[in-house]
Amino acid sequence: MKSSRRGFLKITGATAVGLGSMQVAGSFASSGTDDSVATKTSKNSAALTAKHWAMVIDTRKFHSAEDLEPMIEACDKAHNIPKHDDKNHEIKWLWKDEFKHVFPTIDDTYLNDRIKHLPFLVLCNHCEEPACCRACPTQATFKRDDGIVLMDFHRCIGCRFCMAACPYGSRSFNFKDPRPAIKHMNPEFPTRMMGVVEKCNFCAERLAVGKMPACVEASKGAILFGDLKDSESNVRKALKENYTIRRKLQLGASPAVYYIV
Amino acid sequence: MLELSIKGSKKYYGLLTILAGIAGIGVLFFLYQLKEGLGITGMTRDVSWGFYIANFTYLVGVAAGGVMVVLPYYLHDYKAFGKITILGEFLAIGAIVMCLTFVLVDLGQPMRILNVWIYPSPNSVLFYDTIVLFGYLVLNLVIGWNVLQAERNGTHYQKWLKPVIILSIPWAISIHTVTAFLFCGLPGRGFWLTAVLAPRFLASAFAAGPSLLILLCLLLKKFTKFDPGKEQIQTLSKIVCYAIIINVFFFLCEVFVAFYSNIPEHMDHITYLFMGLHGHGVLVPWMWASAIFMLTGIILLVVPALRRNETTLIIACVVIIVGTWIDKGLGMISGGFVPNPLHHVSEYVPTFPEIVITLGIYAIGALAITVLFKMAVSVKEEVGSA
């Protein structure tokens, strides 16, 4: 409420100045205290912030599909992800697949044995140039200043243009009501309604209260999460010390998820 | 003028009743879809667009095809088409009505459709598509109505209408270009990622639209006093002939680029459609049927004697309509989604409710076209230009 009032005051204030009415402008100038109040309530001081959030997945620390389960489960629980029986209607935020599917363009016949059989974690890449945001006709999906690509479930019209646009298959559509298919309800995260698209949100809701993403927390150090623009950050250190790959780099989307192989 | 559409024979009312009945059943199934969600369709996480968007794409072509009678008449003063331009415009109106309905039923949250205009997004092609489609609908309503009214009054249409008519010509090209841009600007879909997609869409549109118009003209000739004229039908059939040949040529260009370059992302989809991929090939017989249909159409239209024969001309139009519909309606959309970005193959087949809703929308379009054509023919009978 406060922030919208503040916006309203700014607009009316500017209009008043435009009209050259000094008296009105002056009276609004004194309402500057409103600004400070609004600023204080808009951001949690404990919130984790970055110029550009990025993830580094150290696949050397995983050996089997079981190793990935805790992370996927943590994500599913945190975000009220439904479990539909029909595979065609699946909702997937964080899931696993083989190298040849995650990296179809660099798959090789004589691939290293470990990588060939290793399950890889797959999620939204939070691209620097997200094709989904370009395609969305309502700005229901958008990129935040800190690089996180988010969904507004209330604005989405369910046209699925973003799903066609995403070159990574990272988006899911609610073909049916998800609520009856949610096993563990987490009251701290909204459930979705039928007919809208959803995907991984880099745990924006957890970052806002000072927590690391659910999968990162459950990974016991195998997944790093940090600021790509901070040369001292954990992710930059990992990128400096290890050879990493990203998915379908030739498409120019520039994913924010890196894999150490 | 609208009163002309309610003064009709028993046959006319019979047709309207049947179409309204089919549309009504479609509406009932749509209500079921509203309640249960798009899960009742054959669409999946991997093939997230299906029959609705495919038919939408096809009908945008039919709508754009109307320009093939408007352009020669108004730009080249080809007088013979004066008799049937109104039919081309009214066909376009019916097609656009179907297009917009298909977009609506394809939405997960159709009641939020106005968000497209409440939050205009200049970076989204879909935003532009809604604008050009609505614009084309309005243009054709204004033009068709006023030209027909003038004909009825025995006067020349208003002066201000001419620039509007001229505008409608590039506008027709734009609706199918923008619709192609929905697909061909997406980075991860090798099948659509080709600059020839919009031209190919237009070529198939200029084959399918006029083919349908020929059939409708012949139907009118059979059941009403309206005679579209031999020359008109023959000129239309030549237009169809060129367009379908160009369409096949563009497709062969695609095949060459994909297979000579040997790039998997571009080859996989064509392979899936015509040969099957990893043991999946539900569309293979359809795609070959489409190819055979289009080639048959070309033969029937290229040979002058066959083109002039009404029976073989009708066969040519039917195979071209079916062939281009399979190509665009079945192959174009599914083909782009299979294999998916992670190179999994999951196939799409429309479900029964999905097909009923689709037929319902076609009935709505047919209903609109029937009423509009009735009006046009009645005016022509009235002024003695039938």
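**Rings, charges and one surface patch**

I will start with a charge over a ring: B:Lys83 has its charged end over the ring of B:Phe226, 5.9 Å from the ring centre. Before I go on, please keep in mind that this is a predicted model.

There is another contact of that kind in chain A. A:Arg192 lies over the face of A:Phe153, and the distance to the ring centre is 5.5 Å. A:Arg192 also forms a salt bridge, with A:Glu198, where the closest N and O atoms are 2.7 Å apart. Are these two residues buried or exposed? A:Arg192 has 2% relative accessibility, so it counts as buried, the limit being under 20%. A:Glu198 is buried too, with a relative accessible area of 0%.

Side chains of opposite charge can pair when their charged atoms come close. The count here comes to 18 salt bridges over all chains.

One of them joins the two chains. B:Asp106 pairs with A:Arg160, with 2.6 Å between the closest N and O atoms. Why does this pair join two chains? Because B:Asp106 lies in helix H4 of chain B, residues 85-106, while A:Arg160 lies in chain A, in the loop between strand E5 (149-151) and helix H8 (161-165). Both ends are covered: B:Asp106 is buried at a relative accessible area of 2%, and A:Arg160 is buried at 1%.

A further salt bridge is found between the side chains of A:Arg60 and A:Asp58, at 2.9 Å from N to O. Here the two partners fall into separate classes. A:Asp58 counts as buried, at 8% relative accessibility, whereas A:Arg60 is partly exposed, with a relative accessible area of 39%. These two residues belong to a network of salt bridges that also takes in A:Lys61.

Now the aromatic residues. Over all chains, a search of the whole structure finds 30 aromatic pairs. Take A:Phe103 and A:Phe120: their ring centres are 5.9 Å apart and their planes stand at 80°, so the pair is edge-to-face, which requires over 60 degrees.

Another edge-to-face pair is B:Phe51 with B:Trp325, at 5.9 Å centre to centre and 85° between the planes. B:Phe51 is in helix H2 (residues 51-65) and B:Trp325 in helix H13 (residues 310-337) of chain B, so this pair ties together parts that are 274 residues apart in sequence. B:Phe51 is buried, with a relative accessible area of 8%.

There is also an aromatic cluster with members from chain A and chain B: A:Phe161, B:Trp49, B:Phe183, B:Trp192, B:Phe201 and B:Phe337.

Last, the surface. Chain B carries a nonpolar patch with about 700 Å² of accessible area together, and its residues include B:Leu104, B:Trp117, B:Tyr128 and B:Phe134. Which elements give two or more residues to it? They are helix H5 (115-118) and helix H6 (125-153) of chain B. The largest share, three residues, comes from H6(B). B:Phe134 is found in that helix, H6 of chain B, and B:Phe134 is partly exposed, with a relative accessible area of 35%.

Note on methods:
Residues are numbered from 1 along each chain as its sequence is written. Chains are lettered from A and ligands numbered from 1 in the order in which they are written. This is a predicted model: local features need pLDDT of at least 70, side-chain atom pairs count only at pLDDT 80 or more; totals for chains, interfaces and linings use all residues. Side-chain values use heavy atoms; hydrogens and water are left out. Patches are made of residues with over 30% relative accessible area and no salt bridge: like charges are joined within 9 Å, nonpolar side chains (Val, Leu, Ile, Met, Phe, Trp, Tyr) within 5 Å. Accessible areas come from the Shrake-Rupley method with a 1.4 Å probe; for residues, only the protein chains shown count as cover. A salt bridge is a side-chain nitrogen of Lys or Arg within 4 Å of a carboxyl oxygen of Asp or Glu. Helices (H or I, at least four residues) and strands (E, at least two) are DSSP runs, numbered from the N terminus. Buried means under 20% relative accessible area, exposed over 50%, partly exposed in between (1.4 Å probe, protein chains only). Rings of Phe, Tyr and Trp (its six-membered ring) pair if their centres lie within 6.5 Å; planes under 30 degrees apart count as stacked, over 60 as edge-to-face and the rest as tilted. A charge sits over a ring if NZ of Lys or CZ of Arg is within 6 Å of the ring centre and within 35 degrees of the ring normal.
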